[in-house]
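Subject: Handover of a structure

Dear colleague,

Please find the structure below, followed by a summary of what was found in it.

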Amino acid sequence: MDIGNRGAGGERELSIARLWVEYAQELGPGETADVRLAPLSPERWRHLKCGDVIPMHEARPVAGTATVIEILPPHT
């Protein structure tokens with residue numbers, strides 16, 4: 001996902017999160033649903049806030065967008 005992080009040279013860095021769809025077995029093309037993201041590197045995601053819209057990538061181009069509606073602390 002493109003959450004706004006940049007590399008040392010200013011290039012865009014994509015961040016990885018585990019994703020699952022809430023209350024549905026699958027999500028088809030063009031459909032919307034609530035999803036949960038579990039970042040693999042939570043420290044890289046701390047700048048996000050409710051209302052932020054983030055592009056989601058499976059590859060290029062963008063596969064969808066997500067709007068942050070809730071932020072929970074990582075489980076330790």
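The largest pocket is lined by 39 residues, and those nearest its centre are Val-35, Arg-36, Leu-37, Ala-38 and Glu-70. A pocket here is an open set of points on a 1 Å grid over the protein atoms alone, where a 1.4 Å probe fits, with protein on both sides within 12 Å along at least five of seven lines; lining residues have an atom within 4 Å of a point. Two or more lining residues come from each of β1, β2, β3 (53-56) and β4 (64-67). Strand β2 gives the largest share, five residues. By class, the lining comprises 24 nonpolar, eight polar and seven charged residues; Ala, Val, Leu, Ile, Met, Phe, Trp, Tyr, Cys and Pro count as nonpolar, Asp, Glu, Lys and Arg as charged, and the others, Gly among them, as polar. The space in this pocket amounts to about 1,300 Å³, a volume being the space filled by probe spheres set on the points, which are joined across faces, edges and corners.

The model is predicted: local features need pLDDT of at least 70, side-chain atom pairs count only at pLDDT 80 or more, and totals for chains, interfaces and linings use all residues. Residues are numbered from 1 along each chain as its sequence is written, and side-chain values use heavy atoms, with hydrogens and water left out.

The chain has four strands and zero helices; strands (E, at least two residues) and helices (H or I, at least four) are DSSP runs, numbered from the N terminus. Of its 76 residues, 21% count as buried, where buried means under 20% relative accessible area, exposed over 50%, and partly exposed in between (1.4 Å probe, protein chains only). Ile-54, in strand β3, is buried at a relative accessible area of 3%.

Four salt bridges were found in the whole structure, each a side-chain nitrogen of Lys or Arg within 4 Å of a carboxyl oxygen of Asp or Glu. Glu-22, Arg-36 and Glu-70 are linked in a network of them. Arg-36 pairs with Glu-22, with 3.5 Å between the closest N and O atoms. Because Arg-36 lies in strand β2 and Glu-22 in the loop between β1 and β2, this pair ties together parts that are 14 residues apart in sequence. Arg-36 also pairs with Glu-70, at 3.4 Å between the closest N and O atoms; Glu-70 lies in the segment after β4, 34 residues from Arg-36.

Glu-13 lies in the segment before β1 and Arg-44 in the loop between β2 and β3, so the pair ties together parts that are 31 residues apart in sequence.

Two residues of the loop between β1 and β2 also deserve mention. Tyr-23 lies in this loop and has a positive phi of about 65 degrees although it is not a glycine; Tyr-23 is exposed, at 77% relative accessibility. Leu-27 lies in the loop between β1 (17-21) and β2 (35-39) and is partly exposed at 40% relative accessibility.

Yours sincerely
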